[in-house]
Amino acid sequence: MTYVLRKMAMVLPTLLVVSLTVFILMRLIPGDPVLLMVGDIQNPQAIAEARRSLGLDQPFIVQYFLWLKSVLTLNLGHSVVTGQEVTTLIADRFWITARVVVVAMAVALFFAVPAGLVAAWQRGRLADRSIVFVSILFLSVPSFWVGLLLILVFGIHLHWFPTIGYAGVAYLVLPVACLALAQAGSFVRLMRASAIDVLRMEYVAHAYAKGLSDGAVLLRHVLKNAFAPTLTFAGWVLGALLAGAAVIETVFTLPGLGRLLVDSIYARDYPVVQGIALFVACIYILMNLLVDMLYPLLDPRVRL
Amino acid sequence: MNLASRLAVIAVLLAAVAGCSRAVGTSPPPDEIRIAIPSDIRGTNPGVDRDAITDAVLAHVVEGLVAYDENFHVAPMLADTYEVSSDGTRYTFHLRTGIKFQNGARVTSREVKWSWERLLDPKTRFLCRDWYDGTHGIKISAIDTPDSLTVVFHLANPNYLLLEQMANFQCLGAVLHPDSVNASGHWIKPIGTGPYEIAQWRRGQFVLLKRFDGYRPRPEPRSGYAGAKQALAKYIRWDVIPDAAAARAALYSGQIDIVTGLQPSDLGELASEPSVRILQSPSIEWLALLLNTEDPILKNKLVREAIAHAIDYRALAKGATFGRARANPSVISRASPYHDEVDEQGYTYDPEASRRLLREAGYRGEPILLQANKRYPAMFDNAIIVQSMLRKVGLNVRLEVLEWATQLANVPARRFQLMSFGFSGRPYPLFAFQSVLGVMHENPWMQWQNGEALKLAERASVLPEAANRSKLFDDMHRLMLADVPMINLYGATVIDAVSDRISGYDAWSAAKPRLWGVDIRAPNGRPQ
């Protein structure tokens with residue numbers, strides 16, 4: 001409990017630093033949201049009026065404190081581009097990203113953990129080499145390329161799955177498959193390495209000496225102990241992907257958080273970028289906390 | 001459950017999902033046309049929340065008194081007829097009878113007056129209010145409604161271009177029902193007179209338009225934004241697909257019916273798809289090279305002339321567009337009825353003259369930066385070719401590739417020497433000139449400041465005869481060539497691709513998709 005409280009106490013200063021850094025960085029990038037907004041209408045009065053109405057004519061420090069003040073009341077402001085509330089925008093987009101990412105992670109772990117375990121158990125044999133080869137292949141091929149191949153085969157040629165947008169479960173199949181394939185390689189490698197270390201332990205030899213079968217040893221003794229590092233890594237990856245799987249979302253035209261962030265940076269939509277940065281920081285903090293709290297469940301030697 | 005059983009279960013689940021998706025359909029519903037747009041609309045308030053895409057979508061929902069036809073002549077739309085007083089200060093519009101708003105109310109002069117007074121009110125934040133407040137000549141001083149079907153616009157000064165300005169498709173001069181706003185004047189939704197109304201807008205995903213069954217098309221044939229607007233398809237869905245490759249893939253897989261704004265480099269790939277039809281048209285959008293006349297090197301006119309003579313315009317247009325466009329030295333598009341032989345006069349490709357001019361200018365190889373971006377491939381391709389041509393005559397040109405927002409901000413800030421740029425189309429020549437001609441310290445977007453040209457522009461709007469105005473545009477073109485404030489390269493090409501499910505769609509030089517008069521073929525190949 002003390003550990004959780006200590007971690008929670010760190011949240012506020014972390015968020016403050018993140019907000020200030022993102023605010024400064026966004027203002028340092030050249031470009032003007034108002035010029036992008038008015039586009040091909042070169043009307044200086046309209047530009048000045050838009051700047052005034054968005055508060056962009058104020059000094060930076062005033063803009064920052066005004067924004068911070070509204071953040072403290074849980075109001076992240078409004079999008080410069082669409083006028084939508086940033087909190088609503090993030091909630092809408094995050095929901096789509098979360099569905100893709102969580103399912104993809106579950107699928108990736110579902111296949112990668114047993115595969116890593118089997119590879120470690122069959123170390124040096126054909127099964128191990130095959131698993132290592134496939135995992136390296138998945139690791140090496142960029143996710144956008146896998147995405148394009150999936151679109152080509154299952155979208156264009158077979159017409160099995162839709163390749164753009166989001167309007168139901170069928171629309172998530174290809175993005176989930178793509179993301180799962182992209183992550184599975186690293187999970188397999190990590191699980192294999194951890195399992196090899198655990199297989200060398202004396203308690204594993206002891207388990208075999210007791211006459212337990214390979215399956216029983218792997219499942220009861222090796223899996224639990226070898227999974228902890230993979231879990232830490234999975235937590236980190238989950239945090240990173242929840243913060244925005246921008247490439248996958250672009251390839252499959254999913255209106256998720258990653259695409260929103262990229263579009264908002266291009267449009268210099270300051271309130272949205274700042275809001276997403278804060279939100280992402282919260283996700284990272286939460287994921288780290290969650291992983292830390294799950295650790296003792298897998299390894300009783302660990303105490304928080 | 002062993003591994004084999006688990007895999008079998010997963011395989012069954014995947015097959016089920018695949019089956020479902022097929023049942024759900026990767027292709028649009030039979031009564032719906034789907035068209036890809038690269039970004040979401042900015043809002044539903046015409047002329048207030050706008051960009052080119054928003055204008056194009058809302059043009060299906062709202063209409064003005066007049067509109068441009070296919071060849072950029074002004075034609076009546078909500079107006080049945082119109083008259084311009086001989087002194088150019090009074091425009092009388094007689095409205096069509098029996099026209100209804102999408103809420104069922106009749107269109108009368110009261111709503112027209114309300115719509116225009118709302119647009120002219122600074123509180124509305126109409127982005128193009130300066131078109132009508134005297135900034136560029138036209139100043140609407142009053143709007144009268146002598147009867148329920150007649151509207152009279154009074155101008156403070158004579159001007160013969162009000163109709164052209166009203167028909168301009170940037171900033172739609174939409175006639176709306178007052179219920180489009182609430183009691184305190186806040187925007188709700190457009191209640192217009194167009195053939196479609198907004199059924200659903202899922203931000204970041206799509207805009208769904210539904211046929212307005214009470215729409216009465218004009219009797220003339222469909223032409224540009226004018227003529228008959230038959231809403232043949234019940235629904236039109238504008239799907240936001242920012243990635244061009246994803247949009248093409250969606251077209252090939254049958255999820256999208258129409259993709260617009262394609263690049264000439266896409267044509268080879270598109271041609272290999274038997275289910276896709278390619279439509280092309282010369283665009284009124286044009287590509288140009290901007291020269292910063294305030295830059296220490298480029299303020300020397302001899303250097304600017306040297307640059308102008310160093311470019312092989314025919315080769316550039318051919319190379320950058322795969323032979324789809326021809327060089328055009330004028331801001332007036334070849335698609336415009338005002339483009340004449342004078343507009344064909346441009347700089348000659350003469351590397352020797354260029355070298356001589358550089359020697360006369362005392363140019364000693366100082367570096368010159370040429371800015372471009374990769375968001376708009378044509379601007380980047382032009383920059384590459386221009387850089388190579390300029391280097392051949394001894395100009396030490398270096399390419400600086402920027403992100404679009406950065407490059408755009410550099411234009412009014414004058415943080416550039418050379419810039420590869422593009423202009424959206426203005427159908428009327430004067431408006432095309434006015435997008436670059438002006439007093440620079442008053443409007444930093446202006447590229448060209450020339451007192452004589454400004455006077456010609458002023459005169460052009462008060463001359464009643466179109467033929468006389470055309471002569472003034474010719475003079476302005478000659479002045480622009482002489483000053484070399486920018487170099488017009490070529491007009492872009494509109495390239496749209498349509499699936500064989502669709503009939504009646506056509507590309508237009510305005511680079512605006514029009515979904516009225518467009519039908520969905522039944523599986524037997526006939527329109528439904």
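**Figure 1. Packing of helices α6 and α9 in chain A of the predicted model.** Helix α6 of chain A spans residues 86-121, and helix α9 of chain A spans residues 173-199. The crossing of α6(A) past α9(A) is right-handed. By class, the residues of this contact comprise 26 nonpolar, two polar and one charged.

**Figure 2. The largest nonpolar core and the surroundings of A:I276.** This core contains 249 residues. The members that touch the most others are A:L179, A:F187, A:I276, B:V66 and B:L489. Helix α6(A) contributes the largest share of the core, with 18 residues. When neighbours within four places in sequence are set aside, the contacts of A:I276 are A:I90, A:L257, A:L260 and A:L261.

**Figure 3. The four-stranded sheet of chain B.** The sheet is open and antiparallel, and its strand order is β4-β5-β7-β6. Strands β4 (79-84) and β6 (140-147) of chain B each have a single partner strand, so one side of each lacks a neighbour in the sheet. On average, and with direction ignored, neighbouring strands are turned by 20° against each other. Five bridges join β4(B) to β5 (residues 90-95) of chain B in the antiparallel sense, and B:Y82 is placed opposite B:F93 of β5(B). Helix α3 (residues 109-120) of chain B packs on this sheet and touches β5, β6 and β7 (150-155) of chain B. The direction of α3 makes about 170° with that of β6(B).

**Figure 4. The ten-stranded sheet of chain B and its β8-β9 hairpin.** In this view, 10 strands form an open sheet of mixed pairing, in the order β8-β9-β10-β1-β11-β16-β12-β15-β13-β14. At the edges stand β8 and β14 (397-402) of chain B; each has a single partner strand, so one side of each is without a neighbour in the sheet. Strand β8 (residues 196-202) of chain B pairs with β9 (residues 206-211) of chain B over six bridges in the antiparallel sense. These two strands form a hairpin with three residues between them, and B:G204 in the turn has a positive phi of about 80°. B:F206 of β9(B) stands opposite B:R202 and also opposite B:D239 in β10(B). The pairing of β9(B) with β10 (residues 235-240) of chain B is antiparallel, over five bridges. Elsewhere on the sheet, α11(B) lies across β13 (368-373) and β14 of chain B, at about 130° to β13(B).

**Figure 5. The surroundings of B:V484.** B:V484 is located in the loop between α14 (466-483) and β16 (486-499) of chain B. This residue counts as buried because it has 22 C-beta neighbours inside 10 Å, against a threshold of 20 or more. Residues up to four places away in sequence not counted, B:V484 touches B:L291, B:K301, B:R304, B:E305 and B:A308. A separation of 12 Å lies between the C-alpha atoms of B:V484 and B:S330, which are 154 residues apart along the chain.

**Figure 6. The contact between chains A and B.** Chain B provides 39 residues and chain A provides 41 residues. On the side of chain B that touches chain A, α1 (3-24), α5 (244-252) and α11 (404-413) of chain B each supply at least two residues. The largest share of that side, six residues, belongs to α1(B). The side of chain B consists of 18 nonpolar, 13 polar and eight charged residues.

Methods
Residues numbered from 1 in each chain as written. Chains lettered and ligands numbered in written order. Predicted model: local features only at pLDDT ≥ 70, side-chain atom pairs only at ≥ 80, totals over all residues. Axes fitted to C-alpha atoms, helices over the stretch in contact; angles between N-to-C directions. Left-handed = near helix turned anticlockwise from the far one by under 90°. Nonpolar A, V, L, I, M, F, W, Y, C, P; charged D, E, K, R; others polar. Pairing = 2+ DSSP bridges. Contact = placed C-beta atoms within 7 Å. Core = buried A, V, L, I, M, F, W, Y, C linked by C-beta atoms within 7 Å. Buried ≥ 20, exposed ≤ 12 C-beta atoms within 10 Å, placed from the backbone.
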